[in-house]
Amino acid sequence: MTETSLAEVLGGRPCRFFPRLESTNSTAVEWVKNEAPPSGSLVVADEQTAGRGRFNRRWMTPAGASIAMSVILDCNDPRYLAPAAGLAVADTVSPLVNGDVELKWPNDVEIDGKKLAGILIEAVSSTARPPVYVVGIGMNVELPPSLDFGRAVTSLAEHRLSVLGTIQRERLVAETAEQLENRLNGPEIFAHWKERLNTLGRRVRVVVFNGSIEGTAVDVDGEGRLVVRDDGGQLHHLSAGDVTISSDRL
Ligand code: BTN
C-alpha cells in the first residue's frame, strides 16, 4: 500500500498516509486538535511502532501485513460508533473469507472465535464543532509466522477464499471507511449488531472497572450496553468491559 494506491481508491476522501507511524489514532487526535479536518478524514499507516489497543494494551501492526486506520468522525451519538465500526469491518471482509465473521461485544471482530480485528474509539475534546471521535481499526491481513500473536488471533489470509488473489489493503480501507460512515444512521443499527454478535446467549465473564460479572449475556439494550443475567437472576447493564466467552453455547 502506498500513498498513491490509497488515494486512487479513496475518491477524494481526505487522508494522511504514513509508511511508519507510532499510532494512527494518536496522529488523528492531533490532526483534529490542530486543523479540524472534515468528518470522514482518514489516517492510515503501513506499520505502527506504538499501536494502542483497549485497556492500554499494545497493538501490533507489522509492515505490509495489517491494516491500521483511524477515521475522524463528527458524531452526536457515540452509542452507534462501536456497532457501526464492527459491522463495517464485518461487511467488508465477509465476502472475502470462508467462515462466519462475528462480532464480540463491544469491539472485536472474530472468525471462529479468534480475533481478526480490534477497534479503539477515542473522544477528542473540542468545543468548536459537534463532538469529534477517532475510530481506530486494526485488522490482521497476513500475520508473519515469526511474530507470536497467540492462538486467539487470526488473519484474513488464514481464511481467504482461494479464488481470490492478493488482498488489496487499500480497497479494504476505502470500503471500511465508506461502510462506517453509512452505518451511522440511527438506532436500527442495534438490531443489525445483535444479529452479528456472537456474545448473546453465551456464558460470559465481563471484567469491569470495579470487578467482574459472570452470567449469561441475554441482550443489548437501547444504549448499546450488554445485559448480563448473573447466577442470582440479577440483570447488569454493562457499558464497557473485557469479555471472556465460555466455549459452550447455551
Ligand atoms: C483492541 O482490540 O484492543 C483495539 C485495537 C485497535 C488498534 C487500532 S490500529 C489503528 C488504530 N491506531 C491505534 O493505535 N490503535 C487503533
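Because the model is predicted, local features need pLDDT of at least 70 and side-chain atom pairs count only at pLDDT 80 or more, whereas totals for chains, interfaces and linings use all residues. Residues are numbered from 1 along each chain as its sequence is written, and side-chain values use heavy atoms, with hydrogens and water left out. Helices (H or I, at least four residues) and strands (E, at least two) are DSSP runs, numbered from the N terminus.

- In helix α1, which spans residues 3–10, the buried residues are Ser5, Leu6 and Leu10, where buried means under 20% relative accessible area, exposed over 50% and partly exposed in between, with a 1.4 Å probe and protein chains only.
- An α-helix has 3.6 residues a turn, so residues three or four places apart point the same way.
- Thr4 and Glu8 are exposed residues on the face of α1 that is turned away from its buried side.
- The buried residues of α1 pack against β1 (15–21), β2 (42–52) and α5 (169–183), with contact taken as heavy atoms within 4.5 Å.
- Gly11, which comes just after α1, takes a positive phi of about 55°.

**Strand pairs**

- Strands β1 and β2 run parallel and are joined by 6 bridges, and two strands are said to pair if DSSP finds at least two bridges between them.
- Leu21 stands opposite Gln48 in β2, a strand that is mostly covered, with 8 of its 11 residues buried.
- Strand β9 pairs with β10 (residues 211–220) in the antiparallel sense over 6 bridges, and a hairpin of 2 residues joins β9 to β10.
- Within this pairing, Arg203 has Thr216 in β10 as its bridge partner.

**Backbone features in loops**

- The peptide bond that joins Trp105 and Pro106 is cis, with omega about -5°, and Pro106 lies in the loop between β5 (101–104) and β6 (108–111).
- Phe55 has a positive phi of about 55° although it is not a glycine; Phe55 lies in the loop between β2 and β3 (58–61) and is partly exposed, with a relative accessible area of 45%.
- Asp112, likewise not a glycine, has a positive phi of about 50°; Asp112 lies in the loop between β6 and β7 and is exposed, with a relative accessible area of 60%.

**Glu122 in strand β7**

- Glu122 is found in strand β7 and counts as buried at 19% relative accessibility.
- Although Glu122 and Tyr133 are 11 residues apart in sequence, they are 5.6 Å apart in space, C-alpha to C-alpha.
- Leaving aside its neighbours within four places in sequence, Glu122 is in contact with Asn25, Val29, Arg52, Val132, Tyr133 and Val134.

**Pockets**

- The largest pocket holds about 850 Å³ of space; on a 1 Å grid over the protein atoms alone, a pocket is an open set of points where a 1.4 Å probe fits, with protein on both sides within 12 Å along at least five of seven lines, and lining residues have an atom within 4 Å of a point.
- Grid points are joined across faces, edges and corners, and a volume is the space filled by probe spheres set on the points.
- Of the 43 residues that line the largest pocket, Trp59, Asp108, Lys115, Gly118 and Val153 lie nearest its centre, and strand β13 (residues 242–249) gives the largest share of the lining, 7 residues.
- The lining of the largest pocket divides into 13 nonpolar, 16 polar and 14 charged residues, where Ala, Val, Leu, Ile, Met, Phe, Trp, Tyr, Cys and Pro count as nonpolar, Asp, Glu, Lys and Arg as charged, and the others, Gly among them, as polar.
- The second largest pocket holds about 360 Å³ of space, and of the 17 residues that line this second largest pocket, Ala82, Pro106, Asn107, Ser239 and Ala240 are the closest to its centre.
- Helix α3 (81–93) and strand β7 (114–124) each supply at least two residues of the lining of the second largest pocket, which by class has 10 nonpolar, 3 polar and 4 charged residues.
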